[in-house]
Amino acid sequence: MNDIVLDTHILSLIISQYNSANEFAELSINNISQDLLKKINDVIKLKGTHGFIIASPIAFIELANQFNKICHPLNITLEKFKAFIVQPPTWFLIEPLNIDNLEFLSQVDIEVVKNGTLTPVEINDALHVITALARGIENVILGSKDGTINVLPIMQDRVLS
Amino acid sequence: MDELYISNNELENLLTRDQIPDKIAQKMSVGISSIADLIEIIEGSRKSRNDKTAQLCNSCKQHSSNGDIYLAELDGSLLLKNLFDDEIWDKFANTKSNPLMIARYISLKKADETIWWSDAIYEQMKSIYE
């Protein structure tokens, strides 16, 4: 089982590319690494039988919060955004934000050294991280382009951009 | 039994100092709070470099099992029901609001009959934050 948890930015790229009429079609995304894209397409090809693509409710809230800024340039209409939540693909899960998952926050550093500077880990980023930790660190990849998440020690070698 | 909205400060007092509002202590009411409030309280402890994540989560679970409080969590079903609610969407979409504030609204709004608490909880919460 190999799950891929997405941060808000990469979730938006997936929604943008996803075509509900062809649920298991390979995605083609330019803005992420070939390695991450391959892993995402592997999950889709296996129809979620060997792992899921996952996001936190906070990722969807962040997209709503900046809908015009993030979604409009990607041609994500409100109808498409809503449809993705109403009827997500078989290979996609929204991981609940619950008290059991919050316990993992103690494993996420409050700040990291990024480009030589001590930088706080924003709570929204920490919530993406605990979504990954809740799935089991050995079996999860976190897809994120966030420079802070990428240098978190707890996610060492588990983040792909 | 009545329901009573438990604000962020009240939840923190309950979880860290065992200060239980009278109506709840007397078993006249059950307190309802949002997962967003617990996140903010945990984050406050982390930022003050006194991480109480485990203690706060354990205390919350204990008070939940005692029947003192119910923590409204957030899942895909509730997200679907309430993120696109006219009032919530119009209030928060494209506003760059704090996502935890939006999570608070989504988790507490009585979307349908599967939510067992009354509309009054949501209104009590709004009266604090609006």
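This is a predicted model: local features need pLDDT of at least 70, side-chain atom pairs count only at pLDDT 80 or more; totals for chains, interfaces and linings use all residues.

**Entry 1: the interface.** I started with the contact count: 35 residues of chain B touch 35 residues of chain A. I then checked who supplies the area on chain B's part: Arg46(B), Phe84(B) and Asn94(B) give 20% of it, more than any other three residues.

**Entry 2: charges and polar pairs.** I found three salt bridges across the interface. One I looked up joins the side chains of Lys61(B) and Asp100(A), at 2.8 Å from N to O. I also got 14 residue pairs in polar contact between the chains. Next, which helix of chain B gives the most to the side touching chain A? That's H3(B), with seven residues. Sorting that side of chain B by type, I get 20 nonpolar, six polar and nine charged residues.

**Entry 3: rings.** Tyr18(A) and Phe84(A) have ring centres 5.6 Å apart and planes at 85°, so I logged them as edge-to-face. These two sit 66 residues apart in the chain, and both are buried. Tyr70(B) and Trp117(B) have their planes at 50°, so this pair is tilted. Tyr70(B) is partly exposed at 35% relative accessibility, whereas Trp117(B) is buried at 3%.

**Last note.** I found one aromatic cluster with members from chain A and chain B, among them Tyr18(A), Trp91(A), Phe84(B) and Trp89(B).

Methods. Residues are numbered from 1 along each chain as its sequence is written. Chains are lettered from A and ligands numbered from 1 in the order in which they are written. Side-chain values use heavy atoms; hydrogens and water are left out. Contact means heavy atoms within 4.5 Å. Buried area is the accessible area (1.4 Å probe) that two parts lose on being put together, summed over both. A salt bridge is a side-chain nitrogen of Lys or Arg within 4 Å of a carboxyl oxygen of Asp or Glu. A polar contact is a pair of N or O atoms within 3.5 Å; within protein, one must be able to donate a hydrogen and the other to accept it, and residues adjacent in sequence count only if both atoms are side-chain atoms. Helices (H or I, at least four residues) and strands (E, at least two) are DSSP runs, numbered from the N terminus. Ala, Val, Leu, Ile, Met, Phe, Trp, Tyr, Cys and Pro count as nonpolar, Asp, Glu, Lys and Arg as charged, and the others, Gly among them, as polar. Rings of Phe, Tyr and Trp (its six-membered ring) pair if their centres lie within 6.5 Å; planes under 30 degrees apart count as stacked, over 60 as edge-to-face and the rest as tilted. Buried means under 20% relative accessible area, exposed over 50%, partly exposed in between (1.4 Å probe, protein chains only).
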